[in-house]
Amino acid sequence: MSIFEYNGSAVVAMVGKNCFAIASDRRLGVQLQTIATDFQRISKIHDKLFIALSGLATDAQTLYQRLVFRHKLYQLREERDMKPETFASLVSALLYEKRFGPYFCQPVIAGLGDEDKPFICTMDCLGAKELAKDFVVSGTASESLYGACEAMFKPDMEPEELFETISQALLSSVDRDCLSGWGGHVYVVTPTEVKERILKGRMD
């Protein structure tokens with residue numbers, strides 16, 4: 001078993017019309033044994049920027065703490081929040097710095113940039129960025145997420161339709177992966193508000 005599959009995870013981010021959604025499953029396991037069913041994978045950096053970390057849970061928590069530290073330093077120095085593109089470069093540099101003993105995480109970054117243009121990106125554990133205009137996926141359920149998102153995504157969705165689409169994609173994908181699942185956690189972010197919802201899924 002790969003170290004990335006040790007805890008199991010499913011993460012997806014999707015772009016809508018001047019909004020984005022980011023979703024993850026809630027299972028924390030040790031291989032096939034379930035430890036927790038309310039694990040938080042998605043973290044808020046500021047009101048318009050979120051990061052989800054799939055992979056090894058301990059590394060994800062360590063990396064998140066370092067990223068919050070770096071972002072707070074940036075806020076003190078610049079007196080403003082970081083743009084999503086800048087933050088993606090920061091995450092990439094932080095991961096590449098540790099390339100000889102990497103954090104076993106695959107981050108998914110989603111945010112609203114200038115003029116509320118949605119930005120999503122993912123990267124591997126060495127910080128190689130993959131930018132997308134529609135959706136990005138990560139985690140052990142990524143193969144089935146690709147299929148579901150490819151089938152369900154359409155451009156310029158409104159927030160409610162975007163929520164429905166990302167939720168259905170997530171729930172149908174984690175049913176095909178035994179290392180992730182146990183409900184979902186969805187954030188839908190628009191220029192004016194952040195909506196957080198918990199999904200109920202199959203409990204097996």
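A residue is called buried when its relative accessible area is under 20%, exposed when over 50%, and partly exposed in between, using a 1.4 Å probe and protein chains only. The model shown is predicted, so local features need pLDDT of at least 70 and side-chain atom pairs count only at pLDDT 80 or more, while totals for chains, interfaces and linings use all residues. Residues are numbered from 1 along each chain as its sequence is written, and side-chain values use heavy atoms, with hydrogens and water left out.

**First stop: glycine 139**

Select glycine 139, which lies in strand 10, residues 135-139. Strands (E, at least two residues) and helices (H or I, at least four) are DSSP runs numbered from the N terminus. Glycine 139 counts as buried because its relative accessible area is 17%. Display next Ser9, Ser54 and Gln106, with which glycine 139 is in contact when neighbours within four places in sequence are left aside; contact means heavy atoms within 4.5 Å. Alanine 52 is 87 residues from glycine 139 along the chain, and their C-alpha atoms are separated by 10 Å.

**Second stop: leucine 145**

Proceed to leucine 145 in helix 3, residues 142-152. Is leucine 145 buried or exposed? Leucine 145 is buried, since its relative accessible area is 0%. Not counting residues up to four places away in sequence, leucine 145 touches several residues, among them Ala10, Val11, Val137 and Leu170. Glutamate 115 stands 30 residues from leucine 145 in sequence and 29 Å from it in space, C-alpha to C-alpha.

Select aspartate 59 in helix 1, residues 57-78. Aspartate 59 is buried yet has no salt bridge, and the nearest side chain of opposite charge, arginine 66, is 10 Å away. Here Lys and Arg count as positive and Asp and Glu as negative, with His and the chain ends not counted; a salt bridge is a side-chain nitrogen of Lys or Arg within 4 Å of a carboxyl oxygen of Asp or Glu. A polar atom of the aspartate 59 side chain lies 2.8 Å from the backbone nitrogen of phenylalanine 104. Beyond its neighbours within four places in sequence, aspartate 59 is in contact with Pro102, Tyr103, Phe104 and Cys105.

The whole structure holds 12 salt bridges. Select aspartate 25 and arginine 41, whose closest N and O atoms are 2.9 Å apart in a salt bridge. This pair links distant parts of the chain, 16 residues apart: aspartate 25 is in strand 2 (residues 20-25), and arginine 41 is in the loop between strand 4 (33-36) and strand 5 (42-46). Aspartate 25 is buried because its relative accessibility is 0%, and arginine 41 is buried because its relative accessible area is 3%.

Then select lysine 195 and glutamate 160, a salt bridge with its closest N and O atoms 3.4 Å apart. The two are 35 residues apart and link distant parts of the chain, lysine 195 in strand 12 (residues 194-199) and glutamate 160 in helix 4 (residues 159-174). Lysine 195 is partly exposed, with a relative accessible area of 32%, and glutamate 160 is partly exposed at 42%.

Note on methods. A polar contact is a pair of N or O atoms within 3.5 Å; within protein, one must be able to donate a hydrogen and the other to accept it, and residues adjacent in sequence count only if both atoms are side-chain atoms.
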